[in-house]
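Please keep the sequence and the model in view while reading.

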Amino acid sequence: MLLQGKTAVITGCLRGIGRAALDLFAHHGASVWACCQAPDDGFAAHVAELAEATGVTIIPVYFDLTSHEQMRAGIKQIVDAKRNVDILLNIAGAAHNALFHMTSMDKLKEVFEIDFFSQIFLTQMLTKLMMRAKSGSVITVASIAGLDGNPGQIAYSSAKAALIGATKTLAAELGAYGIRVNAIAPGVIQTDMTAALPKEKFQELLRGSKLPRAGLPEEVAQAMLFLASDLSSYVTGQVLRVDGGIGG
């Protein structure tokens, strides 16, 4: 098991990439603070079954990424446990689909609050624990939209591009403390977010893929496992595309 004895904080655990990462990391021996927006009976049952099956500790933490008050309470719960945080996976996020001139400033600020500012706030708080331990791995979910741009997603593309810039800056600042900071840039992945796209738009996004299919959340989680584990002990400041070759 690649993460035996490690503790991870994972956001967006309710579904999609976050749920896949939660399952994979638990099966590789990591105890997990499983962060979601709000309590959910089905999720609680899944967590209990997963913890029993893997023998690791999984503790749900609930907060809304648009509420710094809720985030502070969630972070306090983690900090008060007085356990090292070895891994932070910033997965939770939101998209907004609209052409540039149809995107209001309020909507732009809302997407940035969820997809950028909340991620930076959480990272700022939890890397303080990593700095004391002189080790850690931070992995943030960006997007190929943040690298290549994507028509109709000015808010989403811009917020993800900001995350990519922050990843490189944080890698430079935190490397002296033994903390690695990397990003994953998924392509078209089978999640609720892509399921909401019109069929024509979905097929258009897939058109440039060298693999004639959408990716699976589990495939993104496997890339995260590599970046979280000692297999990537000399990798930092990188953006790993998991996109089926769209950008190649």
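## The sheet

Two strands are said to pair if DSSP finds at least two bridges between them. The model described here is predicted. In this model, seven strands form an open sheet with parallel pairing, in the order 3-2-1-4-5-6-7. Strand 3 (58–62) and strand 7 (239–242) are the edge strands, each of them pairing on one side only. On average, neighbouring strands of the sheet are turned by 20 degrees against each other, direction ignored.

Strand 4 (residues 87–90) and strand 5 (residues 136–141) run parallel and are joined by four bridges. Within this pairing, Asn 90 has Thr 140 of strand 5 as its bridge partner.

## Helices packed on the sheet

Helix 3 (residues 68–80) packs on the sheet, where it touches strand 1 (7–10), strand 2 (31–36) and strand 3. The direction of helix 3 makes about 155 degrees with that of strand 3.

Helix 9 (residues 217–228) lies across strand 4, strand 5, strand 6 and strand 7. Relative to strand 6, helix 9 runs at about 165 degrees.

In soluble globular proteins, nonpolar side chains tend to be buried together. The largest nonpolar core of this model has 36 residues, and those with the most contacts inside it are Ile 10, Leu 22, Phe 25, Ile 58, Leu 89 and Met 224. Strand 1, helix 1 (16–27), strand 2, helix 2 (41–54), strand 4, strand 5 and helix 9 are the elements that give two or more residues to this core. Apart from this core lies another, of 24 residues, among them Ile 75, Ile 78, Leu 88 and Val 138.

Which residues does Phe 25 touch, not counting those up to four places away in sequence? They include Ile 10, Leu 89 and Met 224, as well as Leu 3, Ala 8 and Ile 87.

A search of the whole structure finds three aromatic pairs. In one of them, the rings of Phe 112 and Phe 116 have centres 6.2 Å apart and planes at 65 degrees, so this pair is edge-to-face. Both residues lie in helix 4 (residues 105–133), four residues apart, which is about one turn of the helix. Phe 112 counts as buried at 18% relative accessibility, and Phe 116 counts as buried at 16%.

Phe 116 also pairs with Phe 117: the ring centres are 5.3 Å apart and the planes lie at 70 degrees, so this pair is edge-to-face as well. Phe 117 counts as partly exposed, at 43% relative accessibility.

## Two buried loop residues

Gln 153 lies in the loop between helix 5 (144–148) and helix 6 (154–174). Is Gln 153 buried or exposed? With a relative accessible area of 12%, Gln 153 is buried, because the cut-off for buried is under 20%. Gln 153 and Asn 97 are 56 residues apart in sequence, while their C-alpha atoms are 5.1 Å apart in space. Beyond its neighbours within four places in sequence, Gln 153 is in contact with Ala 95, His 96, Asn 97, Ala 98, Ala 145 and Ser 158.

Thr 191 lies in the loop between strand 6 (179–186) and helix 7 (192–195). At 18% relative accessibility, this residue also counts as buried. Leaving aside neighbours within four places in sequence, the contacts of Thr 191 are Gly 16, Ile 17 and Pro 217.

Methods. Residues numbered from 1 in each chain as written. Predicted model: local features only at pLDDT ≥ 70, side-chain atom pairs only at ≥ 80, totals over all residues. Heavy atoms only, no water. Buried < 20%, exposed > 50% of the residue type's maximum accessible area, 1.4 Å probe, protein only. Contact = heavy atoms within 4.5 Å. Axes fitted to C-alpha atoms, helices over the stretch in contact; angles between N-to-C directions. Phe/Tyr/Trp six-rings, centres within 6.5 Å; stacked < 30°, edge-to-face > 60°. Core = buried A, V, L, I, M, F, W, Y, C linked by side-chain atoms within 4.5 Å.
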